[in-house]
Amino acid sequence: MSRVRQLWTAMAGALVAVLLLSGCGTQSTGGGGTGGGAQAQAPVAKVHLEPGGGSDVNPATPVKVSVEGGKLDDVALTNGDGKEVDGDLSDDGLSWTSGEQLGYGKTYTWSGEATGTDGKSVPVQGSFTTISPAKQVRATVNPTDHTEVGIAMPISVKFDEAVTDKAAAERQLKVRTSVPVEGAWAWLSDTQVDWRPKEYWPAGTDVEVDADLYGVHYGDGAYGRSDLTTKFKIGRSQIVKADAATHQMVVERDGKQVASYAASYGKDHDPELNTPNGTYIVMQKDPVEIMDNPRYGYTDVKKKWAVRMSNHGEFIHENEENRANLGKVNTSHGCINLSEADAKAYFDTALIGDPIEVSGGVAAMEPRYDVFDWMLDWNQWTQKSAL
């Protein structure tokens, strides 16, 4: 073989070696000539946690896990004591939702896994911590469940501590009625907010109240302790029209007069003893009430069939000792006096929340003695809303 032929043979061999080396290099880094690395592709499933992490999480925050590109196999949320939070996995496997409220000042940990449409699993993992309030404020609601009340009865939510952020609390209060009723919330103090209709309730109305106050920040580090609910019913329409000028007390039921009783009201000449004008409600009923007023010389006086209408001290009750003045002269210390028979007859028909409209007196009741909701006109009432 000539030297030229030998040279070309050597050069051809070298070129084949280079091409083979180049081909082997491509296969080792790309896997099938794709040009990429040999690394496995990331799982397609993506898990979303609510809340996903952090501290000072509000325990009223919605708690949920969802997945894209796959399905959840199992999910658990446990507190620091290892107790699992109740929850439900959706039928389609796309979400898990908590079935109970979280607690204040606790750390929760997510666990579980999801499987993607590519068959690869991904973990459900993470943790978060809920807020620790400086104060947990208790609230109560009235009327209570399954009660029947009169057509002037307000809904009252009372708090154990003053509420600074009244708007935050009021936003969480909802009233539902079986028939349309216009009404509004009004803050009567830093610890009390009432809802009343613009006009008296329609008789027979069913009422439901939701006060979703758990987790609500009232300001200054104070938070709502729990949610509240109540369901009650408005009874028949009964209105007392008490006219001090005529010395009569008329009872109207469902728009018709059903009784008129001879009465004696507070002394007209003494503003301290007058029965003040205004719309009151029946607040309490007691077969016997013990009355004390040392300023006017009496203590431990028992009167029958007492219906409280104001925390200022006014009642409708029997006063046989004042029988001679009933229907003629106003001689009481502010209460509405009736005969024993008439007081008993009225007592038996009265519902908590019935309106008592007093007129004919020489002065009006100041709107500061519980319950004074109806002492305010509608414009004054709506001005007391925090919203």
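This is a predicted model: local features need pLDDT of at least 70, side-chain atom pairs count only at pLDDT 80 or more; totals for chains, interfaces and linings use all residues.

Colleague: How many helices and strands are in the protein chain?

Modeller: Helices and strands are counted here as DSSP runs. The protein chain has four helices. Its strands number 28.

Colleague: What share of the 387 residues counts as buried?

Modeller: A residue needs under 20% relative accessible area to be called buried. Over the 387 residues of the protein chain, the buried share is 40%.

Colleague: What part of the accessible surface belongs to carbon and sulfur atoms?

Modeller: The protein chain has an accessible surface of about 19900 Å². The part belonging to carbon and sulfur atoms is 49%.

Colleague: Are Tyr 108 and Phe 128 stacked or edge-to-face?

Modeller: The structure holds 11 aromatic pairs, and Tyr 108 with Phe 128 is one of them. Their ring centres are 5.6 Å apart, within the 6.5 Å limit for a pair. The planes make an angle of 20°, and the cut-off for stacking is under 30 degrees. The pair is therefore stacked.

Colleague: Which strands does that pair tie together, and how far apart in sequence are the two parts?

Modeller: Tyr 108 belongs to strand S6, residues 107-116. Phe 128 belongs to strand S8, residues 126-129. So the pair ties together S6 and S8, parts that are 20 residues apart in sequence.

Colleague: Are Tyr 108 and Phe 128 buried or exposed?

Modeller: Both residues also belong to a cluster linked by ring pairs, together with Trp 96 and Trp 110. As for cover, Tyr 108 and Phe 128 are both buried.

Colleague: Which rings does the charged end of Arg 196 sit over?

Modeller: The limit for the distance to the ring centre is within 6 Å. One ring has its centre 4.0 Å from the charged end of Arg 196, and that is Trp 374. For the other ring the distance is 5.3 Å, and that is Trp 381.

Colleague: Which are the edge strands of the open sheet of four strands?

Modeller: The strand order is S10-S12-S15-S14, with antiparallel pairing. On average, neighbouring strands are turned by 15° against each other, direction ignored. An edge strand pairs on one side only. Here those are S10 (139-142) and S14 (183-189).

Colleague: Which residue in S12 is the bridge partner of Val 141?

Modeller: S10 and S12 (residues 155-159) run antiparallel and are joined by four bridges. The partner of Val 141 in S12 is Val 157.

Definitions and conventions: Residues are numbered from 1 along each chain as its sequence is written. Side-chain values use heavy atoms; hydrogens and water are left out. Rings of Phe, Tyr and Trp (its six-membered ring) pair if their centres lie within 6.5 Å; planes under 30 degrees apart count as stacked, over 60 as edge-to-face and the rest as tilted. Buried means under 20% relative accessible area, exposed over 50%, partly exposed in between (1.4 Å probe, protein chains only). A charge sits over a ring if NZ of Lys or CZ of Arg is within 6 Å of the ring centre and within 35 degrees of the ring normal. Two strands pair if DSSP finds at least two bridges between them. Axes are lines fitted to C-alpha atoms, for helices over the stretch in contact, and angles run from 0 to 180 degrees between N-to-C directions. Accessible areas come from the Shrake-Rupley method with a 1.4 Å probe; for residues, only the protein chains shown count as cover.
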